[in-house]
Structure formats: C-alpha cells, structure tokens
Amino acid sequence: MAQDNVFKIGLILPMTGQQATTGRQIEAAARLYMAQNGDTVAGKKVQLIIKDDTSLPDVTRRLAQELVVNDKVNVLAGMGITPSAMATAPLATQSKTPLVVMAAATSSITEASPYVVRTSFTLPQVSVALADWAPKNGIKKVVTLVSDYGPGIDAEKFFNQRLAFNGGQVTEALRVPLRNPDFAPFLQKVRDAKPDALFVFVPSGAGAAVMKQFLERGMDKAGIKLIATGDVTDDDQLNDMGDGALGVVTSHHYSAAHPSPLNKKFVEAFEKANKGLRPNFMAVGGYDGMRVIYEALKTTKGAGGGDALLAAMKGQVFESPRGPVFVDAQTRDIVQNVYLRKVERVNGQLYNVEFDVIKDVKDPGKAR
Ligand code: DHB
C-alpha cells in the first residue's frame, strides 16, 4: 500500500521496567479498539507503531524524534509518566504533531504544548473530591504521602488546599522517590503521628506495595484510615491485595466495576482478549485516546495534517467506559465524572465500588 494511504500512530509506552503494567494495559486497550473498529478509517490503513521507552524521558524523546522524522507518524500517543510527556511536548510543537497523552496526569502537561490532547485525567481533578468527602466522614487530621514528582505534588497541593478549606488539616506532607521507593520509614513516621487518615498518591503499579506495608505495620488497627486516589487501588493489582484492602475509600475517574452497559461490554471484551486481565484506568485512557484519534481521522477524511487533526480532536463529546467525557477545546484536557469508591468483594473479587459521583469535573489545576 502506498505510504500516503497509511495513517501512522506512534504509541510510546513503558513496556518494561517499573511502569510496565501501564504499557501492557494501554497496548491491550489500543489493540482492542482497533479489533472492534477495524484498521481502515476514511480510506486509510491505520498502522500502530509501538515503542518501549522503559519510562526514561530521554528515551521517550529520542523515540518520538525517530517516529516523527523517520516513520513520519501522523500522531504521537502514549506517555506513561509525566517526565516522558514533558520531554516529548516540545517536539510535538516543532513538528506540529498531535500528542495524545493517554496516561500521564500532571495538570501542567497540556500547557507544555498546544499539540497535547489528554484522555487520562489530572491529579487535581480526582484529589479534591476526597478532600470534600473526608471531613464529612470524621477525618480531620491527615498526613499526605505522595511520589515526589509532578502528579504527586499536584495531588498533595490540591488535597491539602481543599481539606483546609473544609476545616480539616494536613499535619505532615511526606514525599517518596518515584524510583524504587521504600515506604517503610515513611509509614513508621505516620504511625507515630497518629492522624485520622493517611492520604496516598503513588503511580499505577506501586499501589500494592503501599497497601502491603500499610497493613503489615498494623496502621489500620492503630486507627489510621487509608484514603487515596484510585491509582493506589489500581484494578490491575487490586484483586491480589487481600481482605486488608476492604473498605478503603478512593476517588478516581474509572473503576472496572462502573455499572454502565458500555463498561460491562468493555471489561468483558478486554478480559476475553487478554487471558482474564482486568482493565484499569490506564486501559481506558488508551481506549478513549484511540477513539479520539479515529474520530479526528474520520472528520478530516485523512487530509490536512497535524493542525486539522488537532482541531478535530478538540471538543469531542462521547460516552467512555468510565462515563460521559468531553475534550475541552480550550484546555485540550478531559472533562469527566469523578467517583468516590470503596473496596468491596463482589462475586468473590475485590473491586472499587462507586458510591457517589461528582459530575463533569474540569481540571482545577487550570482554574488559576
Ligand atoms: C502518572 C503516572 C501514573 O502511573 C499514574 O497513576 C498517575 C500519574 C504520571 O506520571 O503522570
């Protein structure tokens, strides 16, 4: 097939290393989307080129450069962690290539390039809901524990501000390194401080280690509640966390237990195609990212280059497995429902069961 009849998506993901579950989930979701929707769109053959950046930002940038210059991709996508997205954003701008961020979730990423469109979420977006819920449920004094980089600092800041606004207080703000974190010394400090709750953000893949060490130290028995963004009770790992995870309250934009007909179909198809692997929030970011790309290609009929594609990505409104979503044309960030959830056993498996919803939440990080 002639090159100009091919539409290339350069999907850069961490397929190995600490963030490998993110790559595995997003690749599976992108392949599912293509299997369900075909690989010919507006007369073009869609080609997915997947590259492993091992979540090292210098590697992400080099791969993005090669994809743009050598492969002449029409769209860049993926971006497992914030530093990868930040390293790639200038290249998107220079080459006028839309960069669909499917995972990374620091608020400022969409401001790093006018070519960034995000289908994941932001940490401010999901953190404030928990800071509204906590004081109404007997939690006034909180210690925060976050990974020490963009999304963690966003989560810490927005949780803290909102909790203070609601009459609560963050008594201590602890930060753990992103690479090879050891939570033990931090958890010991929290145990000694005896807050009503510990609020945690760690990236996808690190939640199980936090949960294990929290329980091993008997923090729950000492009367300290664990509250977190849904990154901690990650659907990729949750079912193996054990009964100690029961009752943990989190806020997030996606649960595999979201009770919509569309989500039930999505989860079933994903599990079927992936030997029973349960989709997590990363998978949904990837699935919806493919939708945004496919629809932009349909609208532009495959003509017009990066600027036309970008314009056709802005303002898309659709139903996602997570619920209704909207790509805000001004910010290029996703507007979506945020759910409060509690870990429960359903049909023998652990799930994040939604019990409240805040509708159509914009990223509060952009409101300044
Ligand atoms: C980021 C990565 C994650 O795995 C996550 O759950 C949230 C944010 C990030 O690097 O932006």
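Predicted model: local features only at pLDDT ≥ 70, side-chain atom pairs only at ≥ 80, totals over all residues.
**From sheet edge to ligand shell**

Thr-40 stands opposite Lys-45 in strand S3. Thr-40 belongs to strand S2, residues 40–41. Strand S3 covers residues 44–52. S2 and S3 run antiparallel, and two bridges join them.

Now widen the view to the sheet. Six strands make it up, in the order S2-S3-S1-S4-S5-S6. The sheet is open, and its pairing is mixed. Which strands stand at the edges? They are S2 and S6, the latter formed by residues 116–118. Each has a single partner strand, so one side of each is left without a neighbour in the sheet. Helix H3, residues 82–95, packs on this sheet. H3 touches strand S4 (75–78), strand S5 (99–101) and S6. The direction of H3 makes about 155° with that of S5.

Next, step back to the whole chain. The domain assignment gives two domains, each built from two segments. Domain 1 takes 3–121 + 259–332. Domain 2 takes 124–252 + 338–366. Their C-alpha centres lie 27 Å apart.

How do the domains meet? On one side, 18 residues of domain 1 are in contact with 21 residues of domain 2. Two elements give two or more residues to the domain 1 side: helix H1 (20–37) and helix H9 (281–300). H1 supplies the largest share, three residues. By residue type, this side of domain 1 has six nonpolar, ten polar and two charged residues.

Move on to strands S7 and S8. Strand S7 spans residues 141–147, and strand S8 spans residues 169–176. Seven bridges pair them in the parallel sense. Within this pairing, Val-143 has Glu-172 in S8 as its bridge partner.

Tyr-339 pairs with Val-357 in S15. S14 and S15 form a hairpin, with two residues between them. In the turn, Asn-347 has a positive phi of about 50°.

Finally, turn to the ligand. Which residues are around it? They are Thr-22, Ile-81, Thr-82, Ala-103, Ala-104, Ala-105, Thr-106, Gly-150, Pro-151, Pro-203, Ser-204 and Asp-231. Six of the shell residues are nonpolar, five are polar and one is charged. Why does the ligand lie between the domains? Domain 1 and domain 2 both give residues to its shell, so the ligand lies between them.

Methods
Residues numbered from 1 in each chain as written. Near = placed C-beta within 6 Å. Nonpolar A, V, L, I, M, F, W, Y, C, P; charged D, E, K, R; others polar. Domains from an automatic or database assignment. Pairing = 2+ DSSP bridges. Helix = DSSP H or I, 4+ residues; strand = E, 2+ residues; numbered from the N terminus. Contact = placed C-beta atoms within 7 Å. Axes fitted to C-alpha atoms, helices over the stretch in contact; angles between N-to-C directions.
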